[in-house]
Amino acid sequence: MLIPDRVSGIMLVGLGAAAAYGGSLLPPVPGQQIGPNVFPMVVGIGLLLCGGLIAFGVGSTLEREAEAELAAHSDQPAPETAHSPLMNGAKTLLPPALLLAYVFVGDALGFIPTAFAIVLTVALAMGARLRLALPLALIAPVFVHLVFVKLLRVPLPPGILPMPW
């Protein structure tokens, strides 16, 4: 099933508007200029802008030209991209299922092992080779942990593999 760019762009605009509105409702922290409302508002505004660009088709001609040029210079046949509806449904439900799994096992296992499993599973499901997926799954959770713990000062569950900082 292919969703037109205009429809997905409008959906992103709606999601961004909801995130920005929800963030604006969060109460400020006394004595701090940056509170819990900033992050959802920044993400929401970013989604609004990106969704608007997608809905209006900004950059789509460049994408079509690049695909045509690549096809003209390639001697290999195009890879088969058609999958069964069942496989497409499984790939669609995988991220929410993994986030739900994080809710249930995140406290017991901890953030690092759970995020490693999530990143590795999603990367492999989306077609990444193990040679790329494994380093990504090793580096991304540590980077996200650093951002949340050091910059945002949001504690993450240590579990079986606590980080040294």
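Analyst: Start with helix H1, residues 5-24, and helix H2, residues 38-55. Their axes lie 7 Å apart, and the two helices pack at an angle of about 160°. The cut-off for roughly antiparallel is over 145 degrees, so H1 runs roughly antiparallel to H2. The crossing of these two helices, H1 and H2, is left-handed. Sorted by class, the H1 contact with H2 holds 14 nonpolar residues, 8 polar ones and 2 charged ones. All of this comes from a predicted model.

One residue in this region deserves a stop. Gly52 sits in helix H2. Its relative accessible area is 15%. Buried means under 20%, so Gly52 counts as buried. Now look for Ile10. Gly52 and Ile10 are separated by 42 residues in sequence, yet their C-alpha atoms are 7.0 Å apart in space.

Next, go to helix H5 and helix H6, the latter spanning residues 130-151. H5 and H6 pack at an angle of about 145°, with 8 Å between their axes. Here the crossing is right-handed. By class, this contact of H5 with H6 has 17 nonpolar residues, 1 polar residue and no charged residues.

Which residues meet there? From H5 come Phe111, Ile112, Ala115, Phe116, Val119, Leu120, Ala123 and Leu124. From H6 come Leu130, Ala133, Leu134, Leu136, Ala137, Leu138, Pro141, Val142, Val144 and His145.

Stay on H5 for Thr114. Thr114 is placed in this helix, H5. Its relative accessible area is 5%. With the limit for buried set at under 20%, Thr114 is therefore buried. What does Thr114 touch, leaving out residues up to four places away in sequence? The partners are Tyr102, Val105, Gly106 and Leu109.

Last, a word on confidence. The chain has an average pLDDT of 86, and 93% of its residues score at least 70. Among the elements of the chain, H5, residues 111-125, has the highest mean pLDDT, at 94. Helix H3, residues 60-73, has the lowest, with a mean of 77. Where pLDDT is low, predicted coordinates should not be read in detail.

Methods:
Residues numbered from 1 in each chain as written. Predicted model: local features only at pLDDT ≥ 70, side-chain atom pairs only at ≥ 80, totals over all residues. Heavy atoms only, no water. Axes fitted to C-alpha atoms, helices over the stretch in contact; angles between N-to-C directions. Helix = DSSP H or I, 4+ residues; strand = E, 2+ residues; numbered from the N terminus. Parallel < 35°, antiparallel > 145°, perpendicular 65-115°, else oblique. Left-handed = near helix turned anticlockwise from the far one by under 90°. Nonpolar A, V, L, I, M, F, W, Y, C, P; charged D, E, K, R; others polar. pLDDT = per-residue confidence, 0-100. Buried < 20%, exposed > 50% of the residue type's maximum accessible area, 1.4 Å probe, protein only. Contact = heavy atoms within 4.5 Å.
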